[in-house]
Amino acid sequence: MSDAQPITGLRPEQVAPYVFLCGDPGRVEAISAGWSDAREVASVREFRFVTGSLDGVRLTAASTGVGAPGTAIVVEELAKLGAHTLLRVGNSGGLAPDLEPGDLVVSTGAVRDDGTSRSYVAPEYPAVAHHALVGALLAAAQRKGARCRAGITWSLDGFYARNAMLGADGALVSMSFEGYWTRAAAERIPDMRAARVQNCEMESGVLLTLAGLFGLRAGCICVVSDRVPWAGPSEFDFDRNMARCIEVATDAMLHLAKSG
């Protein structure tokens, strides 16, 4: 009987214990640049995996695609193959008023505004980052001189249904087709800001939930690629300071791996 995973086709020997996760398959190459013996071990749909080593630590970089369902598939299959430490490196929208594009946010926990994590466990179950990863990321950011903070992340499902732009009169305007929006959605952004939520993205909630359920160590560090509400396309930059984010994440992972 094959020991390959059903979705990705991955086998145990192809996955390292320490894994970087990202949404964009193209970012896998940026994360793994400079690794020794780096090779692509799988590429299926939006899921791309590269395994290699750096400073004597065996590492894997994996893409999850956009959102919680793909992330859950990748986390499930990596866990079954022996991965135990998962670190998401991604983009996010800034909610805190003093966050600027290019700043880094380390998630201490996530608001679970997604459907996938609820298919695993009741919504009252917390999505909490592992303390060792939070500490390692903040220490790495300090060593690298990066603007970084820790806090709660809003992890959502609907990119357009939950996001908004500023209208000419300063009011929030839906980003969805033909301006579709519900009253609850319109109130969600100020509610999250009032609750001191730092940023929003689409994967941390399910990642941290599954890590808690499966006994894994997981964390999340994101670049603020835009502010919420969105000021417009000219302000949206996926790559702004992403190299610094990867640098901080790599430094943190190596320190954590070497400390045991």
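Which residues of helix 5 are buried? The points below take up that question and then the cysteines.

1. The model is a predicted one. In it, helix 5 covers residues 183-194, which makes 12 residues. From its first C-alpha to its last, helix 5 reaches 17 Å, close to the expected 16 Å.

2. The buried residues of helix 5 are A185, I189 and M192. They line one face of the helix, because they fall within an arc of 75° when seen down the axis of helix 5. An α-helix has 3.6 residues a turn, so residues three or four places apart point the same way.

3. The other side of helix 5 has R183, A184 and A194, which are exposed.

4. Several elements cover the buried residues of helix 5. Among them are two strands, strand 6 (104-113) and strand 8 (148-156). Helix 4 (159-162) and strand 9 (164-166) are also included in this cover.

5. After helix 5 comes R196, and the phi of R196 is positive, near 65°.

6. On the cysteines, the count of disulfides is 0. The cut-off for a disulfide is a pair of cysteine sulfur atoms within 2.5 Å.

How values were computed
Residues numbered from 1 in each chain as written. Predicted model: local features only at pLDDT ≥ 70, side-chain atom pairs only at ≥ 80, totals over all residues. Heavy atoms only, no water. Helix = DSSP H or I, 4+ residues; strand = E, 2+ residues; numbered from the N terminus. Expected span 1.5 Å × (residues − 1). Buried < 20%, exposed > 50% of the residue type's maximum accessible area, 1.4 Å probe, protein only. Arc of directions from axis to C-beta. Contact = heavy atoms within 4.5 Å.
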